[in-house]
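Subject: Structure handover

Hi,

Here is the structure I promised to pass on. Please open it first, then read my notes below.

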Amino acid sequence: MAKRETPLLDQLETGPWPSFVTDIKRQAETKPECWDILGILELSYKDRITHWKHGGIVGVFGYGGGIVGRYADVPELFPGVEHFHTIRVAQPASKYYSTSNLRQLMALWEKYGSGVTNFHGSTGDIILLGTRTENLEPFFWDLTHDMGQDLGGSGSNLRTPANCIGMSRCEWACYDTEEACHELTLKYQDEIHRPAFPYKFKFKFSGCPNDCVAAIARSDISVIGTWRDNIRIDQAAVKEYIAGNYAPNGGAHSGRDWGKFDIQKEVVELCPTQCMWMEGGELKIDDKECTRCMHCINVMPRALRPGVDTGASICVGAKAPILDGAQFSTLILPFIKVTKDNDFEELTEFIEKVWDWWMEVGKNRERVGETMQRVGLPTFLSVMGVEPIPQHVKEPRSNPYIFWKEEEVEGGFERDIDEFRAKHKA
Amino acid sequence: MGYNPDKPMDGRISDLGPPHYEQFFPPVIKANKGKWLWHEIIQPGVLMHKSETGDEVYSVRVGTARLVTVEYIREVCDIADKHCDGFLRFTTRNNLEFMVDSRDKVQPLLDTLASYGNKYPVGGTGAGVTNIVHTQGWVHCHTPATDASGVVKAVMDELFDYFTSMTLPAQVRIALACCLNMCGAVHASDIAILGIHRKPPMIDHKRITGVCELPLAIASCPLGAVKPAKAEVDGKEIKTVKVTVERCMFCGNCYTMCPAMPLADPEGDGIAILVGGKVSNRISTPKFSKLVIPYLPNTTPRWPETVSAVKKILVAYAADAKKYERLGDWAARIGWEKFFEKCDIPFTDKSIDDYRLAYDTWRTTTQFKFTSHIK
């Protein structure tokens, strides 16, 4: 493949941020098909429109997901990217790697693919960007046999689950997000690789309400760490913060002079439930009133820590706007224990109950959050066998349109109009 | 021995799942998992975590283009081999993290990173702008309304000083999705850059019969704008669809279902800006991003209109918000009418919701501010 002129893309080689154009040009020295990637992208910059055809169904035997088919709509101009299929490779929890593992994967991708990747895709997979149909099976053979690794999800199935960094390098994780993510990913391999759902389904595991993996915005089942006892306080460390010896918020604001740290203004008064106060030089918290927003803990990580009776809140139904509008996950189970000690039983039982119901009543291409909206939260709770509690709503409904069930009303719905008319003339 | 196309099922291995994470932990991480006590950002891009064992881990955070090559990953591995015992990780926002187990190993690592010029920018921590989460755009996607990597490069070039410093009132999360499918899930970001279409789909009558299940195409439209129709192709009447243009909201869902209904267009497509979303439960509850600029053109290769719009919003926020206040909390406190005024963004009817649940966003109080909008 010949070198391509890319006058428009060349203008993305200046400036302080790393340039993907410069990077791909260097790769083109050993993988000349990269010139066709740049070539077709340059054409899109000129035409201001994509040059990839709609869809294309390709894959490896036995899987219904993990590969996204892609073909150029100008293959005669750029034969090097006539086929440009994506391979999704399941990422390890928290995205730690050894260099030997990455080098081995890169050698495979140099052999079978374009040499271009995404670290990582939005859902979390390693994305290998651009290969030909005939390379898919040989790549998959080597990936499974030589590396012991596997593809992720795509299509109407369970998408590759993802987690925050968790206990491996964070002091706030209320359960082991890595272990939960890894174990559930292994348990549900069939659901990841063989589409059987109405639409895509995502799990995300965040260790605390800071929600670094955006579980509440992006996953059908959001597992978000929390605690139900008291915030742990080290009063000596509180004094150090007040004295200005410890940097507030872990030094996150050190680039600007915000003045001396003021615990009253920066912590006590910003508490959304007003459940804390200073008394005799000590910080007091009325934990019964706390909603665990994390602000005070974020500001004073050396003085405050989540409690020790930890677990997770389970929320259901987040999605981006297509089609009925964006949804956050709705709180369904306020607190469960998430632990390998019982094989994550409470969580997996709940997940499977949601799937059983959704696979039966969900319409084609309907996310579970949309199914919940369609049938209503009371129905969803009842199907899940969850007792309705005030925590399920922001506020009670303001309309009186209740779907009373016949068995809830004395005497039922059957009545005799003649008996009625005998007492009430028309 | 490798794949044998004559016997494709022989020796096949499947459903292995991801490799176990623990084998990739740097030793200091493995020894201290679950034992971390607190952390501090010792300089922009460098975090120190302290363990109850007394151990410390220093993580150096580096921005990446996300769209990276085999050669790039190998270079990253060289750096990790030299400084980090052969381990590294990536964050959920496409940053790299190099970890070392003592403070004296930090500067040599930073020196190595700096020796590559602008390839490994250190930052993305605390009250600054971290890397932009984004989608594929024109380099790979079949439904985009804009590019992704190019827009991100142009925006991050302009915001670079915010990546390498911590001068903002709080962290600002920017995300880009190249169409309404929002693979980048920008719907809960402080600043969202969203590719949008503005022309209804064309109908390729010549092609629709072979590639499209008409009932699915019709059902795909949330507003019932796609209807059954007939057309003549090569003298023969065929079943097809038509689009009621006044009902089209340009979501592109019909094209996802039916390849014979393309809607991308150089003049029609562009970028909308949404702001004020957040994911964290900190102080206030999670919030959706709200649409403040309905359309900016796809001016390749550096999208100057989008870059300047994002910068203007960021500068206004930085100047006016209180410490710890996220962009959406700031806008809610000062009132959205003030937000438009302070950011010098013209308010248009495009920012008033007329889709489902729209009424939730209409103002039903006499509390408002007298801004320049009231003539």
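One caution before the details: this is a predicted model. I start with a helix in chain B.

**Helix α4 of chain B**

Look at residues 149–158 of chain B, which form helix α4. Nine of the 10 residues there are buried, so the helix is largely enclosed by the rest of the structure.

**The chain A–chain B interface**

Next, the contact between the chains. Chain A contributes 130 residues, and chain B contributes 132 residues. Together they bury about 11,800 Å². Carbon and sulfur atoms give 59% of that area. On the chain A side, A:Trp17, A:Arg48 and A:Arg169 lose the most area to chain B. Those three make up 9% of what that side buries.

Helix α3 of chain A (residues 99–112) supplies the largest share of the chain A side, with eight residues. By residue type, the chain A side splits into 59 nonpolar, 44 polar and 27 charged.

A:Arg103 pairs with B:Asp78 through their side chains, at 2.9 Å from N to O. B:Arg356 pairs with A:Asp324, and their closest N and O atoms are 2.1 Å apart. In the second pair, B:Arg356 sits in the segment after α11 (336–342) of chain B. Its partner A:Asp324 sits in the loop between β13 (310–316) and β14 (330–336) of chain A. B:Arg356 is partly exposed, at 35% relative accessible area. A:Asp324 is partly exposed as well, at 30%. There is also a network: salt bridges with shared partners join A:Asp23, A:Arg26, B:Glu75 and B:Lys119.

**Salt bridges within chain A**

Over all chains, the whole structure has 48 salt bridges. One of them joins the side chains of A:Asp36 and A:Arg4, at 2.8 Å from N to O. That pair links distant parts of the chain, 32 residues apart. A:Asp36 is in helix α2 (residues 34–47) of chain A, and A:Arg4 is in the segment before α1 (20–28). How accessible is A:Asp36? A:Asp36 has 0% relative accessibility, so A:Asp36 counts as buried. A:Arg4 is partly exposed, with a relative accessible area of 22%.

A second bridge joins the side chains of A:Lys31 and A:Glu33, at 3.5 Å from N to O. A:Lys31 is at 8% relative accessibility and therefore counts as buried. A:Glu33 is at 21% and counts as partly exposed. The cut-off for buried is under 20%.

**B:Lys287**

This residue deserves a look of its own. B:Lys287 lies in the loop between β11 (270–275) and β12 (290–297) of chain B. Its relative accessibility is 17%, so B:Lys287 counts as buried. The side chains of B:Lys287 and B:Ser284 make a polar contact of 3.2 Å. What else is B:Lys287 in contact with, leaving aside neighbours within four places in sequence? From chain A there is A:Phe328. From chain B there are B:His187, B:Ala188, B:Gly276, B:Gly277, B:Lys278, B:Gly328 and B:Asp329.

**Domains of chain A**

Last, the domain layout. The assignment for chain A gives domain 1 (7–145), domain 2 (162–227 + 311–408) and domain 3 (232–305). The C-alpha centres of domain 2 and domain 3 of chain A are 32 Å apart. Seven residues of domain 2 are in contact with six residues of domain 3. The two domains bury about 710 Å² between them, with 61% of it on carbon and sulfur atoms. Between them there are zero salt bridges. Three residue pairs are in polar contact across that interface, both residues at pLDDT 80 or more. The domain 2 side has four nonpolar residues, two polar and one charged.

Best wishes

Definitions and conventions: Residues numbered from 1 in each chain as written. Chains lettered and ligands numbered in written order. Predicted model: local features only at pLDDT ≥ 70, side-chain atom pairs only at ≥ 80, totals over all residues. Heavy atoms only, no water. Buried < 20%, exposed > 50% of the residue type's maximum accessible area, 1.4 Å probe, protein only. Helix = DSSP H or I, 4+ residues; strand = E, 2+ residues; numbered from the N terminus. Domains from an automatic or database assignment. Contact = heavy atoms within 4.5 Å. Buried area = accessible area lost by both parts, 1.4 Å probe. Salt bridge = Lys/Arg side-chain N within 4 Å of Asp/Glu carboxyl O. Polar contact = N/O pair within 3.5 Å; in protein donor to acceptor, adjacent residues only side chain to side chain. Nonpolar A, V, L, I, M, F, W, Y, C, P; charged D, E, K, R; others polar.
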